[in-house]
Amino acid sequence: MENRLNNIVHFIREYAGSYPGYSPADLTVALERTFALPREQAKKLAQMPEVTREKMGLAAIELNVTFNCNLTCEYCFVHCKSPQERMRFATAQKAIDLLMDKAIFPNVVITLIGGEPLLEFELIKQIVPYALARAKEKKLEITWALTTNGTLLNEEMVQYFSQHQINVLLSIDGGQETHDRYRRTRNGEGTWQKIADRIPLLKTYQTWLGARMTVSKEAITTMRQDFNQIVQLGINQLIIAPAQGAEPWDLLQVEQYGKNMVKILEDYHNYQRQGKQLFIEEFEKDERVKFGWGCRAGSTSLAVAPNGDVSPCSKLLGLTNEAGRYIVGNVHSGLDVKKLVPFQNAISRQPAHCKECSRPCAGGCYAVNFEQTGDHFTPPTENCFFWVVGQETTRMSRFMKFC
Ligand code: SF4
Ligand code: SF4
């Protein structure tokens with residue numbers, strides 16, 4: 001749902017950027033065709049001034065309730081942050097007000113993230129009723145998500161999240177050996193067992209459970225068994241992604257990653273044939289549908305740091321370079337919305353070589369781009385490799401479905 005909304009807004013922005021003198025009737029037809037929308041709905045969307053005239057219109061916000069964490073994962077994007085940075089309730093209120101006042105869809109998404117957000121459970125219990133009250137006032141629905149390392153989960157939290165339909169997404173890198181290689185406590189202890197112990201409790205309240213599996217270069221060879229171990233833990237929905245950052249992957253590493261993704265794909269379809277409840281979006285995508293250039297960050301989604309600073313994305317907030325963090329203001333003192341224009345119309349910043357690409361991607365991750373090329377909108381070469389891997393696995397997945 002969130003992705004579809006973001007894709008529609010993105011499409012409208014790109015359309016407006018590419019055809020500045022467009023007529024709403026043309027855009028209506030384009031929306032109808034691209035998203036199979038009913039005529040009336042497409043017409044309404046085509047006339048949304050906030051979206052088409054490059055003002056800020058939001059569908060989602062990421063609240064970094066703290067930069068503190070009980071773990072010290074080596075590749076964490078907030079690794080260098082001060083552990084003392086915690087969000088005040090007044091800051092969270094301002095962030096939620098921003099989302100509610102700028103919402104462009106009847107459904108908004110709030111992601112609670114960090115650091116480790118469960119360290120601020122008391123704050124979360126203040127945020128949730130405030131956001132619900134504001135949403136009611138504005139006649140909006142909220143979809144909640146919470147990204148956690150899972151080690152601090154207890155029954156009170158799980159009950160609370162279930163009661164408020166807050167979807168918990170766990171970060172698990174694989175089996176014990178792989179996971180504990182990087183995801184350790186401050187004392188150097190592994191954390192896999194702690195998470196494994198909490199999954200039955202979590203499943204009692206949240207039957208459909210999601211996780212993110214980050215694949216480091218050291219874990220390429222064990223990807224398949226890591227995937228299987230995660231599935232055996234009872235995870236239903238999985239995001240599998242390489243650990244990208246300042247250190248580029250070389251072609252050989254991406255090739256190995258791709259080969260192992262194909263093995264995971266085979267296992268995935270076997271599980272599905274056996275009736276297992278399992279879903280990986282990458283394997284289920286329609287490869288023929290492409291949604292333009294640039295991700296949702298800074299376009300329909302913003303991230304708020306514990307001190308109220310606003311950036312297009314939490315991953316950018318984690319960068320040490322000030323220019324990379326791309327702070328556009330603070331929820332207390334206001335935003336310079338003009339600074340978001342490049343993100344709202346990312347296609348205008350597409351590098352020349354990408355314009356000529358025969359197999360164009362969506363432009364990569366702004367944070368990874370900045371880390372490796374010094375520009376948010378210029379993807380590094382590894383992005384092209386990973387894009388091909390993604391496309392090929394999606395293509396093979398469609399084929400395997402009918403085997
Ligand atoms: S695949 Fe590579 S060259 Fe092609 S559009 Fe993407 S980043 Fe640019
Ligand atoms: S692709 Fe990167 S910049 Fe875009 S939303 Fe995801 S993490 Fe943020």
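Two residues are taken to be in contact if their C-beta atoms, placed from the backbone, lie within 7 Å. On this criterion, Met223, Arg224, Phe227, Asn228 and Val231 of helix 10 meet Asn260, Lys263, Ile264, Asp267 and Tyr271 of helix 11 in the predicted model. The residues of this contact between helix 10 and helix 11 divide into 5 nonpolar, 2 polar and 3 charged.

The protein chain as a whole contains 18 helices and 10 strands. Its C-alpha trace spans about 60 × 50 × 40 Å along the principal axes.

On the side of helix 5, the contact involves Phe89, Ala92, Gln93, Ile96, Asp97 and Met100, which meet Leu123, Gln126, Ile127, Tyr130, Ala131, Arg134, Ala135 and Lys138 in helix 6. By class, the contact of helix 5 with helix 6 has 9 nonpolar, 2 polar and 3 charged residues.

Helix 7, residues 155-163, packs with helix 9, residues 192-205, at an angle of about 30 degrees, and the axes of this pair are 9 Å apart. Helix 7 and helix 9 are therefore also roughly parallel to each other, with helix 7 passing helix 9 in a right-handed crossing. The residues that meet in this pair are Glu155, Val158, Gln159 and Ser162 from helix 7 and Leu201, Leu202 and Tyr205 from helix 9. When sorted by class, the residues of the contact of helix 7 with helix 9 divide into 4 nonpolar, 2 polar and 1 charged.

The surroundings of the ligands were examined next. Ligand 1 is surrounded by His353, Cys354, Cys357, Arg359, Pro360, Cys361, Gly364, Pro379, Asn383, Cys384 and Trp387. Two helices, helix 16 (352-355) and helix 18 (381-401), each supply at least two residues of this shell, and helix 18 gives the most to the shell, with 3 residues. The residues of the shell around ligand 1 comprise 7 nonpolar, 3 polar and 1 charged.

The shell of ligand 2 consists of Cys295, Arg296, Ala297, Cys313, Lys315, Cys365, Tyr366 and Ala367. In terms of residue class, the shell around ligand 2 has 6 nonpolar and 2 charged residues, with no polar residues, whereas the shell around ligand 1 includes 3 polar residues.

Definitions and conventions
Residues are numbered from 1 along each chain as its sequence is written. Chains are lettered from A and ligands numbered from 1 in the order in which they are written. This is a predicted model: local features need pLDDT of at least 70, side-chain atom pairs count only at pLDDT 80 or more; totals for chains, interfaces and linings use all residues. A residue is near a molecule or strand if its C-beta atom, placed from the backbone, lies within 6 Å of it. Helices (H or I, at least four residues) and strands (E, at least two) are DSSP runs, numbered from the N terminus. Ala, Val, Leu, Ile, Met, Phe, Trp, Tyr, Cys and Pro count as nonpolar, Asp, Glu, Lys and Arg as charged, and the others, Gly among them, as polar. Axes are lines fitted to C-alpha atoms, for helices over the stretch in contact, and angles run from 0 to 180 degrees between N-to-C directions. Angles under 35 degrees count as roughly parallel, over 145 as roughly antiparallel, 65 to 115 as roughly perpendicular and the rest as oblique. A crossing is left-handed if the near helix is turned anticlockwise from the far one by less than a right angle, and right-handed if clockwise.
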